[in-house]
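Thanks, everyone, for making the time this morning.

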Amino acid sequence: MSGDGGGGDAAPVASGRRFDGLTYGTPGATLPQDPLWQEAPPGFRRFERTVVIGRGEGAWATARDAVTRWEVKRRSGFTVAPADGGGTGVRAGGRYLVTAGLGRFVVREPVEVVAVVDTGNRCGFAYGTRRGHPVSGEEAFVVHRDDDGRVHLTLRSLTRAAPAAPWRFLFPLLLLAQRCVRRRYLRALA
C-alpha cells in the first residue's frame, strides 16, 4: 500500500491536498491513523465498531494484506475497480468504482482514498464519497493489534444523505441497507 510519503508517519492524506469531486468537505475526518476517534463533523451520522479478528503474527500479516487489497469490501459482496488508471490495491489519492449488485439492480459508488495509515501496529485507509455515490461521507477500515497480540478490525463511518436526487430521497432505505452491510464488513476478516 502506498502511503503518504511520510516514512511511516500516519498523517491523513487529506492534509494539504485538495480533493475535487467529494460530496463532503472534511476529507480524513474518520482519522484512521488515530486509535481514538472522539469528534466528527456536525451533520453526519457517526459509527464506530471494533471486533477481534485473530491473534498473533500470522493473523496480523494476513489482516494487513487483506485490508490493503479492499478485502473487507470484496468479501462483503462488492467489486472494486480503479477508476483512475491505477492499480487495484489501496493507494493514497486513488479513485475507485465500488459496485454492488442484487439481480439486475446495480449500484455504483465512486470513491476516493482520502487517508492511509501503515505503521507497525496499525494499517488501513479511509475513502470519501464522490459525486454519484448513494450517500455522502467517509468510511474507514483499519486493522490494528494490541500488546497481547490480538488483531482487531475497526470500522468507522460518517454518513449523511447524498446531495442530489435520486439517492437523497432513498436515504432512509439506504440507512437500513448500511446496517446489513456493516455486519458483513465486521465478519469479513474473521
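Let me begin with how elements are named: helices (H or I, at least four residues) and strands (E, at least two) are DSSP runs, numbered from the N terminus. This is a predicted model, so local features need pLDDT of at least 70 and side-chain atom pairs count only at pLDDT 80 or more, while totals for chains, interfaces and linings use all residues. Residues are numbered from 1 along each chain as its sequence is written, and side-chain values use heavy atoms, with hydrogens and water left out.

First, the sheet. It is open and holds 7 strands in the order β1-β7-β6-β5-β4-β3-β2, with antiparallel pairing, where two strands pair if DSSP finds at least two bridges between them. At the edges stand β1 and β2 (79-82), each with a single partner strand, so one side of each has no neighbour in the sheet. From one strand to the next the twist averages 25°, with axes being lines fitted to C-alpha atoms, for helices over the stretch in contact, and angles running from 0 to 180 degrees between N-to-C directions. The antiparallel pairing of β1 and β7 extends over 10 bridges, and Thr 50 has Thr 154 in β7 as its bridge partner.

Now the helices. Helix α1 (residues 57-68) packs on the sheet and touches β1, β4, β5, β6 and β7, contact meaning heavy atoms within 4.5 Å; the direction of α1 makes about 155° with that of β6. Helix α3 lies across β1, β5, β6 and β7, and runs at about 170° to β7.

That brings me to the pockets. On a 1 Å grid over the protein atoms alone, a pocket is an open set of points where a 1.4 Å probe fits, with protein on both sides within 12 Å along at least five of seven lines, and lining residues have an atom within 4 Å of a point. Grid points are joined across faces, edges and corners, and a volume is the space filled by probe spheres set on the points.

The largest pocket holds about 770 Å³ of space. It is lined by 33 residues, and Phe 78, Glu 109, Leu 174, Ala 177 and Val 181 are the closest to its centre. Helix α3 supplies the largest share of that lining, 10 residues.

Which element gives the most to the lining of the second largest pocket? Again it is α3, with 6 residues, and this pocket has about 150 Å³ of space.
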